[in-house]
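Please keep the sequence and the model open while reading.

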Amino acid sequence: MQNHSLLVHKTNLYQIEQQHAEVPEIQDGEVLFKVNKYALTTNNITYAVSGFKLKYWDFFPTEDPWGIVPVWGFGEVVASKHPDVAVGERCYGYFPMSNYLCIQPSKINAFGFSDVKPHRQALAPIYNYYSKVAADPSFKTEVEDYMPIIKPLFVTSFLIYHFLLEEIFFSAEQIVLTSASSKTALALAFMLHKNKAADQKAIVGLTSKRNIDFVKSTGYYDQVMAYEDYPTELTETSTVIVDFAGKTEMLSTIGTHLGDHLKHIALIGITDWKSMRGFKGVPKAEFFFAPTHAQQKYKTWGVEKTNLLLNTDMVHFIGDSQQLIDITPVESLDRLGELYLEMLDGKVDPKKGYIVQIP
Ligand SMILES: NC(=O)c1ccc[n+]([C@@H]2O[C@H](COP(=O)([O-])OP(=O)(O)OC[C@H]3O[C@@H](n4cnc5c(N)ncnc54)[C@H](OP(=O)(O)O)[C@@H]3O)[C@@H](O)[C@H]2O)c1
């Protein structure tokens with residue numbers, strides 16, 4: 001029994017290595033997860049790109065100069081030295097690109113527990129929480145593979161939607177989403193589309209030429225345009241931009257194009273990480289970090305209400321996703337390495353949803 005991991009060089013993201021190590025031995029108070037399956041999307045590439053700045057390398061540390069990119073997925077407890085966590089408990093949460101993970105559970109209740117290993121204590125609590133699959137009302141076996149792909153991204157989009165709503169959309173008439181084909185953008189477009197009758201906002205998608213047909217086919221956007229075409233096609237009206245792409249120069253140019261019509265830019269992602277130059281010169285731009293907004297929502301709405309609203313919308317979006325996204329399995333560490341490198345270079349087909357399951 002060995003623990004197989006994919007390692008990424010922290011300062012040269014193109015350098016990868018496989019690690020085959022002993023499975024960690026658990027101590028009193030700890031449990032061992034066998035990582036069953038997890039998703040890989042551009043979001044994980046962003047974890048690597050901002051690994052130092054946002055501390056993503058700190059979750060599952062290994063020997064320098066290597067790092068392990070975190071992923072969202074399912075794990076099953078296969079050994080336990082904790083009296084309140086039983087072998088066989090299946091959980092959803094944050095895992096390394098490995099097939100085993102040792103954690104120290106605490107704050108255990110009917111729904112889940114948190115890892116309180118010392119090195120994770122300074123990191124955002126949402127990433128340290130493992131929810132019990134058996135107690136999750138939104139979990140359905142028939143769409144299980146969609147959960148790790150959609151859930152972490154949908155949470156973000158749900159929070160962005162409610163942030164915009166609370167800000168009364170910064171008085172904007174249109175909401176422009178960049179990297180409109182990304183799953184996180186699609187989830188926000190779904191929320192905007194679903195609430196369109198009440199909000200009355202035009203939903204505009206900006207994407208690559210090759211992805212225009214796919215983005216149109218979702219039916220969520222009122223208007224879809226290629227990055228090259230926004231100077232002529234973008235209506236000059238009050239606008240909020242929700243940026244998933246990180247194309248710094250393009251944001252500055254749109255800002256100039258819109259002038260006073262630009263009300264706010266929410267900086268969410270950096271799918272096009274190579275064109276990112278820093279956001280200092282970008283007008284009215286503010287970072288949106290989902291874990292911080294999640295903590296705020298839990299405080300103001302309470303955990304129960306937040307999860308109920310979130311799960312209700314997410315179940316609908318997962319229903320839609322079955323039509324839009326094809327589950328694509330990844331079954332070896334070699335293929336995972338290739339896929340990671342393809343994604344790093346933006347060779348991403350938005351119609352595919354990768355689920356990694358390595359025996
Ligand atoms: N702030 C937060 O808390 C938070 C939370 C969740 C996600 N996010 C961010 O949202 C972004 C989207 O993540 P996702 O997992 O939803 O992505 P995804 O579904 O894998 O997105 C794929 C799309 O991203 C664009 N893309 C990917 N790689 C690219 C590259 N190298 N160069 C240019 N374009 C590229 C392409 O879209 P187009 O052709 O349409 O541009 C592609 O179709 C990520 O940056 C992620 O980190 C942020």
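**Ligand shell**

The shell around the ligand is made up of 11 nonpolar, 15 polar and 2 charged residues. Here Ala, Val, Leu, Ile, Met, Phe, Trp, Tyr, Cys and Pro count as nonpolar, Asp, Glu, Lys and Arg as charged, and the others, Gly among them, as polar. The model is predicted: local features need pLDDT of at least 70, side-chain atom pairs count only at pLDDT 80 or more, and totals for chains, interfaces and linings use all residues. Residues are numbered from 1 along each chain as its sequence is written.

- The ligand is surrounded by 28 residues, and the closest are Thr41, Thr46, Ser182, Gly269 and Gly346.
- Two or more residues of the shell come from each of helix 1 (42-49), helix 2 and helix 3 (183-194). Helices (H or I, at least four residues) and strands (E, at least two) are DSSP runs, numbered from the N terminus.
- Helix 1 gives the most to the shell, with 3 residues.
- Domain 1 (2-136 + 326-356) and domain 2 (153-291) each supply at least three residues to the shell.

**Domains**

- The chain is divided into domain 1 (2-136 + 326-356) and domain 2 (153-291). These bounds come from an automatic or database domain assignment.
- The C-alpha centres of domain 1 and domain 2 are 29 Å apart.
- In the contact between the domains, 11 residues come from domain 1 and 13 residues from domain 2. Two residues are in contact if their C-beta atoms, placed from the backbone, lie within 7 Å.
- The side of domain 1 that touches domain 2 has 5 nonpolar, 5 polar and 1 charged residues.

**Nonpolar core**

- The largest nonpolar core has 96 residues, of which Ile150, Ile175, Leu177, Leu188, Ala189 and Val242 touch the most other members. Such a core is a set of buried Ala, Val, Leu, Ile, Met, Phe, Trp, Tyr and Cys residues joined through C-beta atoms within 7 Å.
- Helix 2 (residues 146-166) gives the most to this core, with 12 residues.
- Both domain 1 and domain 2 are represented in this core, with at least three residues from each.
- Not counting residues up to four places away in sequence, Leu188 touches Ser157, Ile160, Tyr161, Leu177 and Val242.
- In soluble globular proteins, nonpolar side chains tend to be buried together.

- Strands in the order 2-1-4 form an open sheet of 3 strands with antiparallel pairing. Strands pair if DSSP finds at least two bridges between them.
- The edge strands are strand 2 and strand 4 (66-67), and each pairs on one side only.
- Strand 1 (residues 2-9) pairs with strand 2 (residues 16-22) in the antiparallel sense over 7 bridges. These two strands form a hairpin with 6 residues between them, and Ser5 has Gln19 in strand 2 as its bridge partner.
- Strand 1 and strand 4 pair in the antiparallel sense over 2 bridges, and His9 has Trp66 in strand 4 as its bridge partner.

**Thr328**

- Thr328 lies in strand 17 (residues 326-330).
- Thr328 counts as partly exposed because it has 14 C-beta neighbours inside 10 Å. The cut-offs are 20 or more other C-beta atoms within 10 Å for buried, 12 or fewer for exposed, and partly exposed in between, with C-beta atoms placed from the backbone.
- Apart from neighbours within four places in sequence, Thr328 is in contact with Lys352, Gly353 and Tyr354.
- Thr328 and Ala39 are 289 residues apart in sequence, with a C-alpha to C-alpha distance of 9.9 Å.

**Backbone exceptions**

- Most residues other than glycine have a negative phi, and most peptide bonds are trans.
- Asp64 and Pro65 are joined by a cis peptide bond, with omega about 5 degrees. Pro65 sits in the loop between helix 1 and strand 4.
- Lys107 has a positive phi, near 50 degrees, and is not a glycine. Lys107 is in the loop between strand 8 (105-106) and strand 9 (112-115), and counts as exposed because it has 12 C-beta neighbours inside 10 Å.
- Phe170 also has a positive phi, about 50 degrees. Phe170 is in the loop between helix 2 and strand 11 (174-177), and is partly exposed, with 16 other C-beta atoms within 10 Å.

Notes
A residue is near a molecule or strand if its C-beta atom, placed from the backbone, lies within 6 Å of it.
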